[in-house]
Amino acid sequence: SLSDRLGGVFDRLRGRGALTEADVRTAMREVRVALLEADVALPVARSFVDKATEAAIGQDVLRSVTPGQQVVKIVHDTLVDMLGPDTAELDIAVTPPAVVMLVGLQGSGKTTTTAKLAKLLSGRERKKVLMASLDVNRPAAQEQLAVLGQQVEVATLPIVAGQQPVDIARRALQAAKLQGFDVLMLDTAGRLHVDQALMDEMKAVSDIARPNETLLVVDSLTGQDAVNVATSFSEQVPLTGVVLTRMDGDARGGAALSMRAVTGKPIKFAGVGEKLDAIEPFHPKRVAGRILGMGDVVSLVERAAESIQAEDAERIANRMAKGQFDMNDLRAQLQQMRRMGGLGALAGMIPGMKKAQAAMASGAVDEKILLRMDAMITSMTPKERAKPELLNAKRKIRVAKGSGTTVQDVNKLLKMHQEMSTAMKKLKKMGGLKGMMAMLG
Ligand code: GDP
Ligand code: MG
């Protein structure tokens with residue numbers, strides 16, 4: 001993974017002040033390989049690396065992180081920036097009917113996505129939606145949409161045999177206007193490869209229907225070819241956005257970056273399964289983590305930033321300053337860890353926490369252990385929570401009984417608390433939680 005690669009590169013750099021151009025360029029070679037492995041198209045990977053390099057050179061390495069982590073954060077932020085925005089909505093606030101047209105290669109998921117979006121709009125947004133299939137190439141394509149329409153309880157345009165796409169589009173528009181539909185969704189035909197006949201057909205339909213949204217539907221498993229697909233389509237019809245399908249599979253998501261870079265249009269939705277509710281708004285941060293293939297650093301940094309509340313940090317920092325870190329603080333920490341998905345990741349990020357992690361459990365730290373610790377702290381009296389040293393043998397037995405654990409477990413918890421207060425004191429010396437929070441943004 002990228003973090004392993006960078007780890008190797010940066011082991012030599014530990015402790016330096018600012019990231020030098022030479023260091024950054026060495027690191028970016030690894031970033032480029034990681035991007036290509038994630039199926040980002042070559043020219044896109046190149047221009048991305050240029051951007052990230054520019055952002056990284058000369059940045060100071062923060063005290064609380066390694067140079068590798070710092071570069072990962074910069075690369076990640078650049079990636080999110082290029083993938084964004086994450087609030088893409090369909091632009092359908094127009095005089096009805098709003099027209100949404102879906103285009104793309106055959107099998108990319110247009111018909112399925114048409115039904116998914118129709119379901120979304122008719123359900124959550126209570127829009128009156130009409131769907132029409134313009135696919136006269138594939139046998140039974142129009143019937144496929146009619147069946148999906150029944151499943152999602154959305155109207156479809158009655159099928160008239162022998163009509164051409166342009167005529168169907170005209171008829172659909174008229175029906176939508178006359179029958180007071182809010183949104184008309186046009187599902188178009190695809191080809192296995194981009195060809196001119198298809199493009200001409202799409203252009204003709206686009207001229208007649210004047211869509212408010214023209215969404216390019218792309219299979220996220222499309223590798224290096226993604227650039228060609230995006231280029232051809234965006235040259236021929238005015239795209240307004242992209243939908244990436246099959247994000248439930250093991251695609252690393254590189255197509256997302258390629259699509260975004262080539263079309264310049266927002267990725268609005270991600271298809272995450274065959275079921276008709278398997279569609280989500282596109283999350284640049286999630287996809288960035290996937291492209292980089294480094295669950296550890298990036299997602300931790302992201303989740304930490306999301307879930308650590310400023311007040312919490314402030315309060316703990318203040319208590320640390322007074323040399324206090326009691327069981328209530330520990331409990332707050334444990335709850336935070338549960339929200340962030342485990343101590344392992346957190347421990348990797350905070351210097352000095354590795355030891356606490358080791359003390360916490362020899363095996364995997366899972367939700368159950370965190371919950372059990374929470375139960376032990378709950379079984380303590382307020383006085384014991386504030387002053388854990390009060391816990392003598394007799395009190396430990398009571399806590400163990402109260403929480404359904406053993407005295408050994410209670411001892412482990414106390415040991416961990418001890419280790420953590422030591423780590424917290426060290427952390428304070430190194431610039432404190434606040435410094436770390438500032439870095440997490
Ligand atoms: P079209 O030719 O572009 O209209 O593609 P279809 O909508 O007919 O989809 C082709 C196949 O891909 C169907 O079997 C769909 O169920 C499947 N499909 C579409 N979107 C997704 C997705 O997001 N995830 C998965 N796993 N399958 C999908
Ligand atoms: Mg289709």
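## Contact between helices 3 and 10

Two residues are in contact if their C-beta atoms, placed from the backbone, lie within 7 Å. Helices are DSSP runs (H or I, at least four residues), numbered from the N terminus. In helix 3, Val 44, Ser 47 and Phe 48 meet Leu 257, Ser 258 and Ala 261 of helix 10. By class, this contact has four nonpolar, two polar and no charged residues; Ala, Val, Leu, Ile, Met, Phe, Trp, Tyr, Cys and Pro count as nonpolar, Asp, Glu, Lys and Arg as charged, and the others, Gly among them, as polar.

## Basis of the model

The model is predicted: local features need pLDDT of at least 70 and side-chain atom pairs pLDDT 80 or more, while totals for chains, interfaces and linings use all residues. Residues are numbered from 1 along each chain as its sequence is written, and chains are lettered from A and ligands numbered from 1 in the order in which they are written.

## Met 82

Met 82 is found in helix 4 (residues 67–83). Leaving aside residues up to four places away in sequence, Met 82 touches Phe 48, Leu 257, Arg 260 and Ala 261.

Met 82 and Pro 284 are 202 residues apart in sequence, yet their C-alpha atoms are 8.6 Å apart in space.

## Shell around ligand 1

Helix 5 (residues 110–123) supplies the largest share of the shell around ligand 1, three residues. By class, this shell has two nonpolar, 12 polar and four charged residues.

Methods. Helix = DSSP H or I, 4+ residues; strand = E, 2+ residues; numbered from the N terminus.
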